[in-house]
Every structure is written in structure tokens, then in C-alpha cells.
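Dear colleague,

I am handing over the structure below, together with some notes on what was found in it. Please read the notes with the coordinates open beside you.

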Amino acid sequence: MNLTWELKKFETLTIEELYSILQLRSEVFVVEQNCVYLDIDLKDKKALHLMGKTNNQLVAYARLFRPNDYFENASIGRVVIQPKYRSKKWGYELMEKATKGILEHFGETKITISAQLYLQSFYEKNGFIKTSDTYMEDDIPHIQMKKE
């Protein structure tokens with residue numbers, strides 16, 4: 001089972017794609033993580049939306065930002081894999097595609113992320129290094145990480 005990848009600007013997402021993105025983010029970031037927060041943060045319109053699909057179902061997703069749209073450097077956020085597919089280890093492919101997308105679309109190699117602390121090792125395996133102390137974001141411990 002392989003993923004097909006698409007990278008789209010907000011205004012080119014179909015209604016079905018947008019609905020699938022919001023559903024997946026809500027399933028994981030709100031329900032699974034038991035975190036009440038405003039997912040629709042008005043930043044989606046600035047982002048490129050990276051979608052990994054299998055059998056026409058969204059299973060992997062991330063937002064990509066230009067420098068200064070989120071952090072000083074380019075950024076990747078809302079990194080998520082549909083829970084029943086996590087054993088496939090598609091998170092690594094997602095991060096590889098996200099990094100490549102930032103280079104191809106923004107010409108950037110410096111990337112900053114706000115990572116949930118428990119995922120530090122995952123992001124380190126993807127070339128990121130911790131650059132901050134732990135801080136709370138939406139009641140979840142986070143750290144800033146960078147890739148140069």
C-alpha cells in the first residue's frame with residue numbers, strides 16, 4: 001500500500017479535501033489528544049497543504065509555510081497521520097515530502113517547527129535539533145526545533 005501525494009494552495013483545495021483535512025486534524029489534535037483549542041486559526045489560507053492519500057482517503061497531512069508566515073524560517077505544522085495507519089511509519093515519508101516541498105516551492109532549507117515534546121525523537125530522526133526549552137502550547141508540552 002503506497003501513498004499518493006498532493007501539495008495544494010488553500011484556494012485550490014476541493015470542499016471534500018478541506019473537509020477531510022479538518023476532520024483528520026480534529027480527530028487527532030482535539031479528540032485523541034483531548035485538547036480543546038481553535039484548530040481553524042486563519043493560517044490555513046497562507047499555507048500549502050500536503051496530503052498523503054491511499055484509496056482516495058486522506059491518511060497523512062501537514063501544512064507548509066513560507067518564512068515569516070509562522071516563524072522567521074519556513075515552517076511545517078499540523079503534522080498528522082491517521083491513527084490506524086501509524087504502524088506504516090508514513091510520518092517519515094510525510095516529513096521528507098514536506099521538507100522537499102519547502103525547498104521546491106519556497107527555495108528554503110532552514111525550517112523551524114513547534115514540536116510536541118513526546119515527538120522529539122521522531123523529529124530528530126528527520127534532521128531537526130532542539131532549540132528551546134519546553135513550553136506549553138494548548139496545554140501540551142512543546143519544544144522549538146530547527147533543521148538547517
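This is a predicted model: local features need pLDDT of at least 70, side-chain atom pairs count only at pLDDT 80 or more; totals for chains, interfaces and linings use all residues.

Helix H2, residues 90–106, has 17 residues and reaches 24 Å from its first C-alpha to its last, which is close to the 24 Å expected at 1.5 Å a residue. Its buried residues are Trp90, Gly91, Leu94, Met95, Ala98, Gly101, Ile102 and Phe106; because they cover an arc of only 140° around the axis, they lie on the same side of H2. On the other side of H2, Glu96 and Glu104 are exposed. The cover over the buried residues of H2 includes strands S1, S2, S3, S4 and S5 as well as helix H3, and just after H2, Gly107 takes a positive phi of about 65°.

Turning to the salt bridges, the count comes to twelve. One of them joins Asp39 to Arg25, with the closest N and O atoms 3.0 Å apart; Asp39 lies in the loop between helix H1 and S2 and Arg25 in helix H1, so the pair ties together parts that are 14 residues apart in sequence. Both Asp39 and Arg25 are buried.

Asp41 forms a salt bridge with Arg63, the closest N and O atoms being 2.9 Å apart, and this pair links the loop between H1 and S2 to strand S3, 22 residues apart. Asp41 is partly exposed, at a relative accessible area of 21%, whereas Arg63 is buried, at 0%. Asp41 also meets Arg78 in a salt bridge (3.3 Å, N to O); Arg78 lies in strand S4, so this pair ties together parts that are 37 residues apart in sequence. Through shared partners, salt bridges join Arg25, Asp39, Asp41, Asp44, Arg63 and Arg78 into one network.

Definitions and conventions. Residues are numbered from 1 along each chain as its sequence is written. Side-chain values use heavy atoms; hydrogens and water are left out. Helices (H or I, at least four residues) and strands (E, at least two) are DSSP runs, numbered from the N terminus. The expected span of a helix is 1.5 Å times one less than its number of residues. Buried means under 20% relative accessible area, exposed over 50%, partly exposed in between (1.4 Å probe, protein chains only). The arc is that of the directions from the helix axis to the C-beta atoms. Contact means heavy atoms within 4.5 Å. A salt bridge is a side-chain nitrogen of Lys or Arg within 4 Å of a carboxyl oxygen of Asp or Glu.
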